[in-house]
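Here are some notes to read beside the structure, written as numbered points. Please keep the sequence and the 3D view open while going through them.

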Amino acid sequence: MTAPRLNRKLVLEAPSRLEDGAGGYVESWQALGTLWAQVLPRSGREAALVGVAISATSYRVVVRGAPEGDAQRPVPGQRFREGARLFHIEAVAEHDADGRYLTCFASEEAAV
């Protein structure tokens, strides 16, 4: 197996809830760390959402492996940030039999 080319610097973020002082909460995102990754496009489509055209693209994001429960191991529901771009993690699988790398299946949406 050829090692992935980890040439993109992504920030791994997790959702967190903060109390708003009125009995509710505000959802925000907390940075967990920076990971080097290989980002490979998979497929794309265009859809209409409330009258606005949305471009949705799916990606395979390969990062170094980390043990279960480690803050540097991505899980579904988290996201990667690269500047203004956001990649929402939908699933995570081991990239190789030794678990040296993880493949994150992610999506990015943008208004057209």
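1. A salt bridge is counted here when a side-chain nitrogen of Lys or Arg lies within 4 Å of a carboxyl oxygen of Asp or Glu. The background is that side chains of opposite charge can pair when their charged atoms come close. Please bear in mind throughout that this is a predicted model.

2. Taken together, Glu13, Arg79 and Arg81 are linked in a network of salt bridges.

3. Another salt bridge joins the side chains of Arg100 and Asp96, at 3.0 Å from N to O.

4. The overall arrangement of strands deserves a careful look. Strands of a sheet pair through backbone hydrogen bonds, either parallel or antiparallel. In this model 6 strands make a closed barrel in the order 1-2-3-6-5-4, and their pairing is antiparallel. From one strand to the next, the twist averages 45°.

5. Several of the pairings can be followed in the 3D view. Strand 2 (residues 25-49) pairs with strand 3 in the antiparallel sense over 12 bridges, and the bridge partner of Glu46 is Ser55 in strand 3. Strand 3 (residues 52-64) is in turn joined to strand 6 (residues 101-111) by 11 bridges, and these strands run antiparallel. In this pairing, Val62 stands opposite Thr103 in strand 6.

6. Strand 5 (residues 85-94) pairs with strand 6 over 6 bridges, again in the antiparallel sense, and Ala91 stands opposite Phe105 in strand 6. How many residues lie between strand 5 and strand 6 in their hairpin? The hairpin has 6 residues between the two strands, and Gly99 in the turn has a positive phi of about 70°.

7. Aromatic rings come next. A pair of aromatic rings is described by the distance of the centres and the angle of the planes. The structure has 1 aromatic pair by the rule used. Tyr59 and Phe87 form this pair, which is edge-to-face, with 5.2 Å from centre to centre and 90° between the planes. It links distant parts of the chain, as Tyr59 is in strand 3 and Phe87 in strand 5, 28 residues apart. Both Tyr59 and Phe87 are buried. A further ring has a charge placed over it: the charged end of Arg17 sits over the ring of Tyr25, 4.0 Å from the centre of that ring.

8. Finally, two residues of strand 2 may be compared. Gln38 is found in strand 2, and with a relative accessible area of 18% Gln38 is buried. Not counting residues up to four places away in sequence, Gln38 touches Pro4, Arg5, Leu6, Asn7, Arg60, Val61 and Val62. Trp36 lies in strand 2, but Trp36 is partly exposed, with a relative accessible area of 47%. Leaving aside neighbours within four places in sequence, Trp36 is in contact with residues including Leu6, Asn7, Val62 and Arg64. Trp36 and Arg5 are 31 residues apart in sequence, and their C-alpha atoms are 9.2 Å apart in space.

Notes:
Residues numbered from 1 in each chain as written. Predicted model: local features only at pLDDT ≥ 70, side-chain atom pairs only at ≥ 80, totals over all residues. Heavy atoms only, no water. Pairing = 2+ DSSP bridges. Helix = DSSP H or I, 4+ residues; strand = E, 2+ residues; numbered from the N terminus. Phe/Tyr/Trp six-rings, centres within 6.5 Å; stacked < 30°, edge-to-face > 60°. Buried < 20%, exposed > 50% of the residue type's maximum accessible area, 1.4 Å probe, protein only. Lys NZ or Arg CZ within 6 Å of the ring centre and 35° of its normal. Axes fitted to C-alpha atoms, helices over the stretch in contact; angles between N-to-C directions. Contact = heavy atoms within 4.5 Å.
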